[in-house]
Amino acid sequence: MADARSIILHEYPSSPYAEKVRLALRLKNLGYARVELPMVMPRPDLMPMTGGYRRVPVMQIGADVFCDTAIILRELETRYQHLPLKLPGHEGLAQMVAGWTDGRWFQCSVAVIFGAIGDGVPETFIKDREQLSGRPFDLGAMKAVAPMMRDQWRARLMLLEERLAGGKGAGAGLYMIGTKPGLVDVHAYMNVWWMKSAVPDFADACLAVAPLTRAWYERLSEVTGQAPETITSAEALRIAKDAAPRLLAATTLDEPQGFRAGERVAVAPDDYGQVWVEGELVHADAQRVVLQRVSDEAETIHVHFPRAGYLVRRA
Ligand SMILES: N[C@@H](CCC(=O)N[C@@H](CS)C(=O)NCC(=O)O)C(=O)O
């Protein structure tokens, strides 16, 4: 039974970003509950918890809510130190690699995948993503560039192959850095997993000429972890409402914009889906910003965002 101590992942099965977190949870052998979100808005039980942030996944522990995989992975490493993924050599580098896997490589995946399967995508999905990005979801353009994007996608995959071939010593070539899987592997896995699920023929053709990467991918995908329990979004909201956020000293340290704890600020992603989430600043440091929000539906919530990739302004 999920309760205020449980990790609750709000996600849907085909989400590649959610897969990063699911993989991290499997590698750390952590039990968790999941809420299956619809692939498109509205998500009425989630919004009171996130304050309007709508991207997927979101992690909840009691009345603490974590928006974006960067802060989710950071929190998992901070709270659950057994089976660590922030291994020597992964610190800092993991998020730098994520800038690439989530940026240019992800955009290639989008073009290849929607170029291949786009005709089967429902109109509601297209409309939802147009609203999210503020741009047309142009399937024709994606189809037109898909052949070139296949080249681009394989070029990126082959960088993993180079990395795996570059290791030295016993166990080299098993993982991105050294002999154990860590955060860099979690980020590197995402696009390969998505392509394997959505356009398996193309993924397999690329992996056929990248034997170290294929073995690495298989090794990671064999990790089973614990099967999650599924709860409803209403149950998750009830858990948040009945819980209090974890105690956190109200602090800010050397904020470049001079923010002080207690000020009203707003936070939004810097790429797309720019919904500004407003709240009272509880804590800010170089890698995390935490807002307190109060609503009838969820009562008091602490919403956590990463700093890199998230804009903060006075509300
Ligand atoms: N920077 C975010 C990106 C998350 C993201 O873009 N997720 C996709 C799903 S895989 C999304 O939110 N799509 C729109 C939606 O599901 O509403 C993160 O790392 O969590």
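Me: In this predicted model, where is asparagine 29 found?
Reply: Start with the backbone. Phi of asparagine 29 is near 50°, a positive value in a residue other than glycine. Most residues other than glycine have a negative phi. As for its place, asparagine 29 sits in the loop between H1 and S2.

Me: What is the omega of the peptide bond from methionine 41 to proline 42?
Reply: Proline 42 belongs to the loop between strand S2 (33–36) and helix H2 (47–50). Most peptide bonds are trans. The bond from methionine 41 to proline 42 is cis, with omega near 5°.

Me: How many helices and strands does the protein have, and how does its radius of gyration sit against the globule rule?
Reply: The protein has 10 helices and 11 strands. The globule rule gives 20 Å for 315 residues, and the protein is close to that, so it is as compact as a globular protein of that length. Its C-alpha atoms fill a box of roughly 55 × 50 × 45 Å along the principal axes. The radius of gyration is 20 Å.

Me: How far apart are the C-alpha centres of domain 1 and domain 2?
Reply: The domain assignment gives domain 1 as 8–83 + 228–314. It gives domain 2 as 93–221. Their C-alpha centres lie apart by 25 Å.

Me: Which element gives the largest share of the side of domain 1 that touches domain 2?
Reply: The contact takes 15 residues from domain 1 and 18 residues from domain 2. On the domain 1 side, two elements give two or more residues: helix H1 (16–27) and helix H3 (69–79). By class, that side has 11 nonpolar, 2 polar and 2 charged residues. The largest share, 6 residues, comes from H1.

Me: Are H1 and H3 roughly parallel or roughly antiparallel to each other?
Reply: Two packed helices are described by the angle between their axes and the distance between the axes. For H1 and H3 the axes are 10 Å apart, and the angle is about 10°. Angles under 35 degrees count as roughly parallel. H1 and H3 are therefore roughly parallel.

Me: Which residues in H3 meet H1?
Reply: By class, the contact of H1 with H3 has 6 nonpolar, 1 polar and 1 charged residues. From H1 come Tyr17, Lys20, Val21 and Ala24. Their partners in H3 are Thr69, Ile72, Leu73 and Leu76.

Me: Which elements give two or more residues to the shell around the ligand?
Reply: Residues around the ligand include Ser15, Pro16, Tyr17, Arg54, Arg55, Asp68, Thr69 and Ala70. Val56, Asp102 and Leu132 also belong to this shell. By class, the shell has 5 nonpolar, 2 polar and 4 charged residues. The elements that give two or more residues are H1 and H3.

Me: Are H6 and H9 roughly parallel or roughly perpendicular to each other?
Reply: The axes of helix H6 (residues 139–165) and helix H9 (residues 211–221) come within 8 Å. They cross at roughly 90°. Angles of 65 to 115 degrees count as roughly perpendicular. H6 and H9 are therefore roughly perpendicular.

Me: Which residues in H9 meet H6?
Reply: The contact of H6 with H9 has 6 nonpolar, 1 polar and 1 charged residues by class. H6 brings Leu157, Leu160, Glu161, Leu164 and Ala165. In H9 they meet Leu212, Thr213 and Trp216.

Note on methods: Residues are numbered from 1 along each chain as its sequence is written. This is a predicted model: local features need pLDDT of at least 70, side-chain atom pairs count only at pLDDT 80 or more; totals for chains, interfaces and linings use all residues. Domain bounds come from an automatic or database domain assignment. Two residues are in contact if their C-beta atoms, placed from the backbone, lie within 7 Å. Helices (H or I, at least four residues) and strands (E, at least two) are DSSP runs, numbered from the N terminus. Ala, Val, Leu, Ile, Met, Phe, Trp, Tyr, Cys and Pro count as nonpolar, Asp, Glu, Lys and Arg as charged, and the others, Gly among them, as polar. A residue is near a molecule or strand if its C-beta atom, placed from the backbone, lies within 6 Å of it. Axes are lines fitted to C-alpha atoms, for helices over the stretch in contact, and angles run from 0 to 180 degrees between N-to-C directions. Angles under 35 degrees count as roughly parallel, over 145 as roughly antiparallel, 65 to 115 as roughly perpendicular and the rest as oblique. The radius of gyration is taken over C-alpha atoms; the globule rule is 2.2 Å times the number of residues to the power 0.38.
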